[in-house]
Amino acid sequence: MNFLRPISLANTLAFAILLSSNVKAGDLSIELGGFYSQSDTNMQVTNPSSGNTFTLDYETDLQLAENEFLPFFEVNYHFSERHNVYFDWKQLHRNAETLALTKPFQIEINDTIYDIKAGGKLNSTLNIDILRLGYGYDALQGSNYNVGVSIGLHTMFIKTGFEGVIGVCSASNLVNNVCSSQAIPQIIDENVTAPLPDFGLYANYEFTPGWKLTSHAQYFYIKLNDVKGELVDVKLGLEAQITPAWHMSVAYNYYKVDVDIAQNSPEKDTQIADYNIYYSFIGPMLSVSFSF
């Protein structure tokens with residue numbers, strides 16, 4: 001049995017720069033930006049000669065970029081003195097062309113064996129999108145501080161793809177662990193996690209006029225049927241009022257998502273393609289906002 005297992009969008013020790021434009025219409029704010037990330041991604045595949053599994057590295061073997069500037073988008077709306085809703089989106093999309101693959105490997109998707117041979121050209125894709133929607137409530141308010149609680153849902157969209165000269169056959173048609181037929185197919189495997197909950201706390205404290213400490217922490221862990229996952233998001237920042245309309249802030253953020261998805265054939269209790277997605281970002285974030 002072959003497993004498709006992208007592992008660890010990970011070890012992302014990043015210097016993040018959020019060059020955001022924050023536009024307010026009443027209590028609506030929109031923030032656009034990005035951060036610079038270093039990623040390490042692997043997947044478990046099968047060696048067609050020995051039949052054993054081994055780790056294929058997306059960056060070393062398939063030449064996907066290790067360093068990426070990743071976009072970020074967030075909307076926040078305060079619809080009363082204490083209530084707010086938020087929506088944010090993060091993505092890591094990567095494509096690469098390997099002119100001469102050095103390691104042959106096989107993967108199985110939906111009961112079909114794909115035999116990817118050494119020496120041939122291969123186009124590889126790995127896309128991850130994370131969407132979050134949530135609600136916050138200011139439980140405690142004072143003249144210079146507020147403390148709130150939040151609850152939200154996040155969903156991950158995962159897409160893997162390969163295109164090149166690839167053998168295609170069923171497991172019963174393997175000859176000496178090799179697919180005899182050759183084709184130039186585009187292999188696409190897409191997976192979406194169910195909306196998974198996260199819970200959090202946030203606080204702001206204006207310690208002197210025009211200067212404010214900001215923080216938030218969100219956490220989630222769930223094990224339900226074939227999905228197991230964890231999310232940690234902690235940020236501590238300092239915001240300064242430059243003019244009545246302009247603000248600048250610097251923050252330190254730790255962000256991690258770790259999700260396992262086990263899939264089974266509908267006809268038999270057999271795993272087809274398991275995912276273990278690990279994505280993390282640790283580093284400073286700089287933002288500039290404007291309000292009117």
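Is glutamine 91 buried or exposed? Keep this question in mind during the tour of this predicted model.

**Whole chain.** Begin by displaying the entire protein chain as a cartoon. The chain has 19 strands and zero helices. Of its 292 residues, 44% count as buried. Among contacts in the chain with a separation of 6 or more, 66% are between residues 24 or more positions apart.

**Glutamine 91.** Now select residues 83–98, which make up strand E7, and find glutamine 91 within this strand. Glutamine 91 counts as buried because its relative accessibility is 18%, and buried means under 20%. Then select Leu70, Pro71, Ile128 and Asp129: glutamine 91 is in contact with these residues, when its neighbours within four places in sequence are left aside. Methionine 156 is 65 residues away from glutamine 91 along the chain, yet their C-alpha atoms are separated by 9.6 Å.

**A nonpolar patch.** Finally, return to the surface view and select Leu140, Tyr145, Val147, Tyr205, Phe207, Trp211 and Leu213. Together these residues form a nonpolar patch on the surface, with about 640 Å² of accessible area. Which strands each supply at least two residues of the patch? Colour strand E11 (145–164), strand E15 (196–208) and strand E16 (211–224) to see them. Leucine 140, also a member of the patch, is found in strand E10, which covers residues 122–141.

Conventions. Residues are numbered from 1 along each chain as its sequence is written. This is a predicted model: local features need pLDDT of at least 70, side-chain atom pairs count only at pLDDT 80 or more; totals for chains, interfaces and linings use all residues. Side-chain values use heavy atoms; hydrogens and water are left out. Helices (H or I, at least four residues) and strands (E, at least two) are DSSP runs, numbered from the N terminus. Buried means under 20% relative accessible area, exposed over 50%, partly exposed in between (1.4 Å probe, protein chains only). Contact means heavy atoms within 4.5 Å. Patches are made of residues with over 30% relative accessible area and no salt bridge: like charges are joined within 9 Å, nonpolar side chains (Val, Leu, Ile, Met, Phe, Trp, Tyr) within 5 Å. Accessible areas come from the Shrake-Rupley method with a 1.4 Å probe; for residues, only the protein chains shown count as cover. A salt bridge is a side-chain nitrogen of Lys or Arg within 4 Å of a carboxyl oxygen of Asp or Glu.
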